[in-house]
Amino acid sequence: MTREEKSQVIKDLTAQLADTSTLYLADISGLDANTTSNLRRACFKADVKLSVVKNTLLAKAMEESGVDYGELPTVLKGNTSIMVSDTGNAPAKVIKEFRKKNDKPLLKGAFIDEAIYVGDEYLETLSSIKSKEEVIGDIIGLLQSPTKNVISALKSGGSKLSGILKTLSEKE
């Protein structure tokens, strides 16, 4: 790879890093071509972009991006693939589901909305993180709940009240 090609790859990676708030670093070494193809297919279905990168180029792109990736550059050893997504938990869910049949990919680290996770032991935690849309849905549900309860009580209370009045009028 020429110096110009490396420079272009670094620029592309830097732009990709700037456009995302979710970055996973995974080790997919040892997977055969068919298994790797299945992983790519699973990533595509989950709207996760998977690509294999050179560690030195990714480290330079992280440095040039201006974002503080904390300890993540220290895990750039061996085979590294990056998984980029708009949803914070999507790559973790893909990895977790894929590992039901395979022993890889291994999670090296993740960067999600400025939070840094280093190590495969965070896979379960990351897969259970709610996406922004799920959190917004939960908040809307919680906000609507009291209103629904008040409306329901008023509706049922009105029918109960009229029933009580009718019963009292019939007794007299």
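Guide: Welcome! Rings of Phe, Tyr and Trp (for Trp, its six-membered ring) count as a pair if their centres lie within 6.5 Å; planes under 30 degrees apart are stacked, over 60 edge-to-face, and the rest tilted. By this rule, the structure holds one aromatic pair. Its partners are Tyr 69 and Phe 111. Please keep in mind that this is a predicted model, where local features need pLDDT of at least 70 and side-chain atom pairs pLDDT 80 or more, while totals for chains, interfaces and linings use all residues. Residues are numbered from 1 along each chain as its sequence is written, and side-chain values use heavy atoms, leaving out hydrogens and water.

Visitor: What makes Tyr 69 and Phe 111 an aromatic pair, and why is the pair called tilted?

Guide: Their centres are 4.7 Å apart, which is within the 6.5 Å limit, so they pair.

Visitor: Where in the chain do Tyr 69 and Phe 111 lie?

Guide: Tyr 69 is in the loop between helix H3 (55-65) and strand E3 (80-85), and Phe 111 is in strand E4. The two are 42 residues apart, and the pair links distant parts of the chain. Helices (H or I, at least four residues) and strands (E, at least two) are DSSP runs, numbered from the N terminus.

Visitor: Why is Tyr 69 called buried?

Guide: Buried means under 20% relative accessible area, exposed over 50%, and partly exposed in between (1.4 Å probe, protein chains only). Tyr 69 has 4%, so it is buried. Phe 111 is buried too, with 4%.

Visitor: How many salt bridges are there, and what makes Lys 96 and Glu 124 one of them?

Guide: There are four salt bridges. Such a bridge needs a side-chain nitrogen of Lys or Arg within 4 Å of a carboxyl oxygen of Asp or Glu. For Lys 96 and Glu 124, the closest N and O atoms are 2.8 Å apart, so the pair passes. Lys 96 lies in helix H4 (residues 90-98) and Glu 124 in helix H5 (residues 123-128), so this bridge ties together parts that are 28 residues apart in sequence. Lys 96 is partly exposed at 32%, and Glu 124 is partly exposed at 48%.

Visitor: How do you know that Asp 120 and Arg 99 meet in a salt bridge?

Guide: The N to O distance is 2.7 Å, which is within 4 Å, so the pair counts. Asp 120 sits in the loop between strand E5 (115-118) and H5, while Arg 99 sits in the loop between H4 and strand E4 (106-112), 21 residues apart. Asp 120 is partly exposed, at 26%, and Arg 99 is partly exposed, at 26%.

Visitor: Why is Lys 100 called exposed?

Guide: Lys 100 has 61% relative accessibility, over the 50% limit, so it is exposed. Lys 100 also forms a salt bridge with Glu 97, at 3.1 Å between the closest N and O atoms.

Visitor: Which residues of the largest nonpolar core touch the most other members?

Guide: They are Tyr 24, Leu 39, Cys 43, Met 83 and Leu 126, out of 20 residues in that core. A nonpolar core is a set of buried Ala, Val, Leu, Ile, Met, Phe, Trp, Tyr and Cys residues joined through side-chain atoms within 4.5 Å. H4 gives the largest share, five residues. Apart from this core lies another, of 17 residues, including Tyr 69.
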